[in-house]
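This report is meant for someone looking at the entry for the very first time. Please keep the sequence and the model at hand while reading.

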Protein chains: 2
Amino acid sequence: MYSLTSMTIEPRLDIIGAALADPSRSRILCELMDGRAFTNKELACAACISPQTASAHLKQLEGAGLTASLRSGRHVYHRIANADVAAILEGLAQLSPTDHLSRPGRPDANTSCARSCYNHIAGRLGVLMTDRLIARNVLTVRNDAIRAGPRYQTFLDEIRIEVPLGGTGKPLAMLCLDWTERRHHISGPLATAIMQKFLEAKWLERRTGSRALIVTEDGFDALERRFCLHRQDIDLADPV
Amino acid sequence: MYSLTSMTIEPRLDIIGAALADPSRSRILCELMDGRAFTNKELACAACISPQTASAHLKQLEGAGLTASLRSGRHVYHRIANADVAAILEGLAQLSPTDHLSRPGRPDANTSCARSCYNHIAGRLGVLMTDRLIARNVLTVRNDAIRAGPRYQTFLDEIRIEVPLGGTGKPLAMLCLDWTERRHHISGPLATAIMQKFLEAKWLERRTGSRALIVTEDGFDALERRFCLHRQDIDLADPV
DNA sequence: CGAACACTTCGGCAGTGACCGAATTTAGAT
DNA sequence: ATCTAAATTCGGTCACTGCCGAAGTGTTCG
């Protein structure tokens, strides 16, 4: 007995695979991995291809559900579709240079410390902050759903952020799997607002051309005061 | 200023992508996803291609680090390379049918309840068992490393399994990310031994042509006694 | 040893897709 | 209205790759 039309639907890995299978598209995705949106031309430049070719690639990526686009005037901004896609791409990136010298345990001290994933903080810092938010009752976990805890509003007031409140059904934060730390950090509106605040307050700075986030001196202060996170916990192996 | 040789190494997503980009290879990988090893011919049959073509595909998959092969006489057995690869493929499979009717919350009651991932138990049952093992001090978690807890040996004796003890450096279990539950379950030698025990004792049965694992009546008994896991916790929505 | 079998390599065919030049559409700037 | 610039569509070229038939290598069994 052998039937192709069994109850289990065969996942079409080849469809996603085909979307990833081109070097130019790979470069485009890497460029988008920090969560920012870029125009066709910028991405074409980054991938060293003509705008026409980039357009075709972006069409394909969007068709596969990996990216989303937004018109703004005569520009079209492209970004990673959602946090799930970002997390999967992170996992794939972790896996891709198998034959290189990257050891599975300690991938890259710089990016594993703190980096942006889609539009929130990932890496060691992201995981530690998530732990703290839960430990201090800002967030509570119940059946793997994240809800506001008793000290949620206090926290928002303290660091002065506002979280765009969607519909009542929309959760303000979700768990996102971190492939370098092999643990969870939060994503969603709250996580996005937190990262924006950190960038605006210059607690974090983007490293140019990379997804690595640099913690500034003010940033270490803030993390100590707001999150009880000590410098040595965050900065395991300071590369400076 | 524009340099391709920046400090950050661009992950070559296209290399993994190219390995996944073919329907036949996708089918082969899906066939291997339950952790068992199959011969060239078996996989050729499963993917509806000739043995020569399958051979070429398997060479490519192995070159990309997705599978590993083992000679045994005149047979060559192919399997998924490691638990990391299996977890990533699960994630991709979760992402692949974006335009289909699979909802992110409840993917498929059948496979989300219990299924094999690489060579250990995943899905809801895998997560619950992992929780229990930690809660009952069979395993302890310290800095994301899993170690034997006070009741570790007691547990092994109780359910009568032996875990092949590798070098002292090799951990007996690791955390593996579960994409359907969005939480951790354990992988590694201990997890493999546990699943083998469950299959041998007929507590679990493989569903033919699928990675779904069916909990038998004896299985529910054993889970109740050994793990204090109640039937209704495991079987959220019984499809029977 | 020789037959049978699993697997691999080689060669040619056919389909696919990445690429860019040229032309078109659309929106903002003068 | 006209010019400029971003994005897209079209058409044709070129390289790659999946596929199988045929032949070659290595192992098992009689």
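## Chain A as a whole

In this predicted model, the secondary structure of chain A consists of 11 helices and 11 strands. Chain A has 240 residues, and 46% of them are buried. Among the contacts in chain A with a separation of 6 or more, 56% are made by residues 24 or more positions apart.

The accessible surface of chain A amounts to about 12,500 Å², and carbon and sulfur atoms account for 52% of that area.

## A sheet in chain B and the helix across it

Chain B contains an open sheet of three strands, which follow one another in the order S1-S3-S2 with antiparallel pairing. Its edge strands are strand S1 (38-39) and strand S2 (67-72) of chain B, each of which pairs on one side only. In general, the strands of a sheet pair through backbone hydrogen bonds, either parallel or antiparallel.

Strand S3 of chain B covers residues 75-80, and two bridges join this strand to S1(B), the two running antiparallel. Within this part of the sheet, Thr39(B) is placed opposite Tyr77(B), a residue of S3(B). Helix H2 of chain B, residues 23-32, lies across S1, S2 and S3 of chain B, and the angle between this helix and S3(B) is about 85 degrees.

## The surroundings of DNA strand C

The largest share, four residues, is contributed by H4(A).

Of the atoms of DNA strand C that lie within 4 Å of the protein, 75% belong to sugar or phosphate, while the rest belong to bases. For Gln60(A), in turn, a polar side-chain atom lies 3.4 Å from a phosphate oxygen of DNA strand C.

Tyr118(A) is located in the loop between strand S4 (115-117) and strand S5 (120-122) of chain A. Is this residue, Tyr118(A), buried or exposed? Tyr118(A) counts as buried, because its relative accessible area is 12%, and buried means under 20%. Leaving aside residues up to four places away in sequence, Tyr118(A) touches several residues, including Met33(A), Asp34(A), Gly35(A), Ile80(A) and Ala86(A). With Arg79(A), Tyr118(A) forms a polar contact of 3.2 Å between side chains. Ala83(A) is 35 residues apart from Tyr118(A) in sequence, yet their C-alpha atoms are 5.9 Å apart in space.

Asp34(A) belongs to another loop, the one between H2 and strand S1 (38-39) of chain A. Asp34(A) is buried as well, since its relative accessible area is 4%. The side chain of Asp34(A) is in polar contact with the side chain of Arg36(A), at 2.6 Å. Beyond residues up to four places away in sequence, Asp34(A) touches Ser116(A), Tyr118(A), Arg206(A) and Arg211(A).

Technical notes: Residues numbered from 1 in each chain as written. Chains lettered and ligands numbered in written order. Predicted model: local features only at pLDDT ≥ 70, side-chain atom pairs only at ≥ 80, totals over all residues. Heavy atoms only, no water. Buried < 20%, exposed > 50% of the residue type's maximum accessible area, 1.4 Å probe, protein only. Contact = heavy atoms within 4.5 Å. Areas by Shrake-Rupley, 256 points an atom, 1.4 Å probe, with all protein chains shown as cover. Pairing = 2+ DSSP bridges. Axes fitted to C-alpha atoms, helices over the stretch in contact; angles between N-to-C directions. Near = heavy atom within 4 Å. Polar contact = N/O pair within 3.5 Å; in protein donor to acceptor, adjacent residues only side chain to side chain.
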